[in-house]
Amino acid sequence: MKLYRILILLVAFTLPSCKKGFLELAPISDTNSVNFYRNAEDMLNAVNAAYASLQFNGMYNLSMYAIGETMSDNTEILDAQSGIDISQIDAFTTLSNNGIASTTWNDHYRGILACNTVIDRIGGVTMDQALKDRFVAEVKFLRGLMYFNLVRIFGDVPLVLTETTDVSSGYTYTRNPAEEVYAQIVKDLQEAKQKLPASYTGTNVGRATSGAATGMLAKVFLTQKKWAEAAAETKEIIDSKMYELLPSYADIFKISNKNNKESLFEVQYKKGGYGLGSPFNNAFAPRLAGAAVTTIGAGSGHNLPTADMDKAYEAGDLRKEASLAQGYTSGGKFVPALFVKKYLDPAPFAGGDSDNNWPVLRYADVLLMRAEALNEVGYVAGGEAFVLLNTIRKRAGLDDKTSQEIPSQAAFRLAVEQERRVELAFENHRWFDLTRTGRAIEVMNAKGFNVQPFRLLLPIPLTQIQINPDRIKQNPGY
């Protein structure tokens, strides 16, 4: 498999503007990696390589929005020239040789390999024990996040927990049942939250914190329908007083406001020709818009809001203007074309080289997760779940919802689903919300799709099956 052929290669890049900053990675080659892990500085670079994998196309650069948004009713692909692989995902016609499915699998396992390398190698390094514990906790958080993505996308997946150092060992792995993968995710996140700091300063800002691990654990429990556990984790975050809603929704996504008080975890990007810039400014622009939207470079036409998404906002919802545009002006004429605004960079360095971070988890999500979990534990008219829901709505400039409008547990489920859709639009949550609640087929088919149950998971990449057919079997239906 590609996963196992990669072996000990760590992705590396350099940001010379700061010394040993979060985004700075010393080059690690195949030839020197065996002797590389000698001291704390070497391990820092190895940990940073694990963070760097989040920028792979198979993770947050492309795959996570292609699956989290384009598969849902939030966004769509209107032009086949935007890419056949993402067009298949959008239309629920994904084949087992789909490039995005393959890259998602490969790049997540590349990231997991980087995490496993740190965990396996750090024991032999002489360094401060507290720092060693923190490094291990950081990569356990990342490994938990990566496996959480994989198990939601593919179902049963190989559970690889040690560094793979030879090709033959790769062929010993089969697909572990999803419940085993979830058990390991929970273990990783629980161990991470015990050792991670609550916050960082200076160039370390943006690393995983105890709050990030706690919030991700809450999302895992919510996905598993462990309502009381999810409620407990979200309460811990709220009680910590470490996070708060920003007064203005639009301010959350400003480049000048990265890693703000509402952010629990973001994928870090830095423009400037270092290979660290984010691609979303160009990726989400209409394909024919060009510099009228992007400032520099062409648009890819990815993640275009659907007409249904445009209509999902209530009148007066302040989030709509901050989230999507109705069109753009070119040659003095207005061109109607919905596109995502959250990730625009007014001054990108180059095409595909912008400064926007990707928000993986933020405080508004935590509040809505708690509201949902409390409602599942037991509906209470006007109770805390209502207070949390209305806290989110208040910032959006909307009136409170009352128990007269939401008179039952079932009605509250739909209310929080709707609130999550507009609050977290274009942040990779919608498809996973629909699948974990069992609503994906009903919602999508009511809007003109023909989603078969097997399409709720992506196919295992054909290359993985061809290389290891005795142990890696295809998902049913493909």
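**View 1. K225 in the loop between α10 and α11.** In this predicted model, K225 has a relative accessibility of 43% and therefore counts as partly exposed, since that value falls between the limits of 20% and 50%. The residue is placed in the loop that lies between α10 and α11 (227-240). Its backbone is also of interest, for the phi angle of K225 is near 65 degrees, which is a positive value in a residue other than glycine.

**View 2. N259 in the loop between α11 and β2.** N259, which belongs to the loop between α11 and β2, is not a glycine and yet has a positive phi of about 55 degrees. With a relative accessibility of 26%, N259 counts as partly exposed.

**View 3. Strand β2 and its pairing with strand β6.** Strand β2 covers residues 263-267, and because five of its five residues are buried, the strand is largely enclosed by the rest of the structure. β2 is joined by four bridges to strand β6 (residues 358-362), and the two strands run antiparallel. Within this pairing, F265 stands opposite L361 of β6.

**View 4. G275 in the loop between β2 and α12.** G275 is located in the loop between β2 and α12 (280-283), and its relative accessibility of 61% means that the residue counts as exposed. As a distance reference for this view, the C-alpha atoms of G275 and A231 are separated by 40 Å, the two residues being 44 residues apart along the chain.

**View 5. Packing of helix α4 against helix α5.** Helix α4 (residues 63-70) packs with helix α5 (residues 84-91) at an angle of about 25 degrees, and the axes of the two helices are 9 Å apart. That angle is under 35 degrees, so α4 is roughly parallel to α5. The crossing in which α4 passes α5 is right-handed. On the side of α4 the contact is made by Y65, A66 and T70, and on the side of α5 by I86, I89 and D90. Sorted by class, the residues of this contact of α4 with α5 comprise four nonpolar, one polar and one charged.

**View 6. Packing of helix α7 against helix α10.** Helix α7 (residues 129-154) and helix α10 (residues 210-223) pack with their axes 11 Å apart and at an angle of about 25 degrees, and the two helices are therefore roughly parallel to each other. The crossing of α7 and α10 is left-handed. From α7, the residues F141, L145 and F148 meet A212, A213, M216, K219, V220 and T223 of α10. Seven nonpolar residues, one polar residue and one charged residue make up the contact of α7 with α10.

View 7. I112 lies in helix α6, which spans residues 99-121, and with a relative accessible area of 1%, under the limit of 20%, the residue is buried. When its neighbours within four places in sequence are left aside, I112 is in contact with R143, M146, Y147, L150 and V160.

Methods: Residues are numbered from 1 along each chain as its sequence is written. This is a predicted model: local features need pLDDT of at least 70, side-chain atom pairs count only at pLDDT 80 or more; totals for chains, interfaces and linings use all residues. Side-chain values use heavy atoms; hydrogens and water are left out. Buried means under 20% relative accessible area, exposed over 50%, partly exposed in between (1.4 Å probe, protein chains only). Two strands pair if DSSP finds at least two bridges between them. Axes are lines fitted to C-alpha atoms, for helices over the stretch in contact, and angles run from 0 to 180 degrees between N-to-C directions. Angles under 35 degrees count as roughly parallel, over 145 as roughly antiparallel, 65 to 115 as roughly perpendicular and the rest as oblique. A crossing is left-handed if the near helix is turned anticlockwise from the far one by less than a right angle, and right-handed if clockwise. Contact means heavy atoms within 4.5 Å. Ala, Val, Leu, Ile, Met, Phe, Trp, Tyr, Cys and Pro count as nonpolar, Asp, Glu, Lys and Arg as charged, and the others, Gly among them, as polar.
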